[in-house]
Amino acid sequence: MPIAPVRVRGTPEWEALAAHFAELRDVHLRELFADDPLRGEEMTVDAADLVLDYSKNRVTPETVRLLVALAERAGLRERSEAMFSGEHINVTEDRAVLHIALRAPEGTEVVDGGRNVVPEVHKVLEKMADFAEAVRAGRWRGFTGKRIKNIVNIGIGGSDLGPAMAYEALLPFSDRVLTLRFVSNVDGADIYEATADIDAAETLFIVSSKTFTTLETIGNAKSAKEWLVASLGDEGAVRKHFVAVSTEADEVARFGIDPANMFEFWDWVGGRYSYDSAIGLSLMISVGPGPFREMLAGSRAIDEHFRAAPFDRNLPALLGLIGVWYNDFFDAETYAVLPYDHYLSKLPAYLQQLDMESNGKSVTLDGQAVDLATGPVVWGTPGTNGQHAYYQLLHQGTRLVPADFIGFLHPAHRVGDHHDLLMANFLAQTEALAFGKTADEARSEGISEPLVPHRSFPGNRPTNTILAPELNPRVLGELVACYEHKVFTQGVIWGINSFDQWGVELGKSLALQIVPELVSEAEPALHHDSSTNALIRRYRAARRP
């Protein structure tokens, strides 16, 4: 049954924050640092291997106190406990939200519908580990007896973004004998390029689809199957070159995959929260079961921190609350995630889905229109590439863009002085964004008067700095869990369901109607708007011989 969220707007806690914002909105970070010499040391929080320095935000200890009060008013602790306890907080689909169970240790209990799901999770993990080791050791061989050297993951959304991001992040830990590729786009170029230069006899496809009916995924899987059979000349080859991650054994068997080679996951795992599950099979094959379990342990450490730490010392909760501060008081419509690590090149795209699919909502849990701005636009690329692209706007543009800077004390590979240069840029950018350069400072550097306005920087641009010792499997798990709980925190404040995605379905359902209109031999009667009708006719004309 729908539940009524707490509407925080208009509460005493909200009004106190609004009054505080009126006092603080024009205060510069220069003033805040000048007034508190210990600010940089005091506004830090540790969680597992992560350190968050939030001192370069336009906040004071009073801001944090008021944001925590708002979280308490919204029932963040109660909602968090409801999630960890297996309550069906995904109200529109009447489901529990138990991605936290995917990293629960053996012997613990996470309950859904009166059933402890942890034993099921570890049963699948063991099956994944056995299969991964068989592929890595060359015991699982293809139809012709050749060893598997290529893994092609076919999925979309969380079934693609999660394992693809993690594979790139953990490339230093991967078995370089194996080539991994990820196919998601229904554009035929994606599957074509993934298979153009590899040997079918050495290729394993992992098809990830909960229902095994996802339009894009099954379309790509069918093309992969046709390519394999054409290359190897026998339909029976499918059983040695395809495995499935699904819940639908009948559909898997109908496709030609042996159901014994199906890896299960559950409806209480949302796609964008799922790469800790069998969706991460390609990742486990790449890095091995041990590092995969280390990644799960890292996520679990943050789960425990989020569940227990007071909100003013709670790293994910603080990230979420600071985001609410900018989103709903400063009217910042976007924020950037800027990892200073080449291996995290796909993290911003992964977080786009995690954040925007979760919190891109305009109705509350009980179906009423929201009265606050919800999910921001999330984007970013690795530093230092972004510095030569869009940082100009961050420094001197008219828009306020809060940003998370993510860096590591030690590189994966020590190459000359590259890491020192990288981290010098990492530190310099947050300092420059915070403090800028005044006109007088520009003049003191000898800049001519006509150029002073162009060479001055307003500063007061907020950033979070997240530091970790190094990027390894455990730390990756910690980072991902931090952002999962950050998104959850914001969803609770806004009173929305962060765990459904009905907006994803509308365009897909319309596409199914349009496909036969594009390809039918007879001229179909079109009942769309005039623009869509005209475009369909133009496409049909182009298809004619």
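What is the volume of the largest cavity? The largest cavity has a volume of about 170 Å³. The structure is a predicted model, in which local features need pLDDT of at least 70 and side-chain atom pairs count only at pLDDT 80 or more, while totals for chains, interfaces and linings use all residues. Residues are numbered from 1 along each chain as its sequence is written, and side-chain values use heavy atoms, with hydrogens and water left out.

**Cavities**

- A cavity is a set of points, on a 1 Å grid over the protein atoms alone, where a 1.4 Å probe fits but cannot get out; points are joined across faces, edges and corners, and the volume is the space filled by probe spheres set on them.
- There are four cavities of 30 Å³ or more.
- Lining residues have an atom within 4 Å of a point; the largest cavity has 19 of them, with Ile-322, Gly-323, Tyr-326, Tyr-335 and Pro-402 nearest its centre.
- Helix α14 supplies the largest share of this lining, five residues.

**Parallel sheet**

- Strands (DSSP runs of E, at least two residues) and helices (H or I, at least four) are numbered from the N terminus.
- Five strands form an open sheet in the order β6-β5-β7-β8-β9, with parallel pairing; two strands pair if DSSP finds at least two bridges between them.
- The edge strands, each pairing on one side only, are β6 (179–183) and β9 (262–263).
- Strand β5 (residues 150–154) is joined to β7 (residues 203–208) by five bridges, and Asn-150 has Thr-203 as its bridge partner in β7.

Definitions and conventions:
On a 1 Å grid over the protein atoms alone, a cavity is a set of points where a 1.4 Å probe fits but cannot get out, and a pocket is an open set with protein on both sides within 12 Å along at least five of seven lines; lining residues have an atom within 4 Å of a point.
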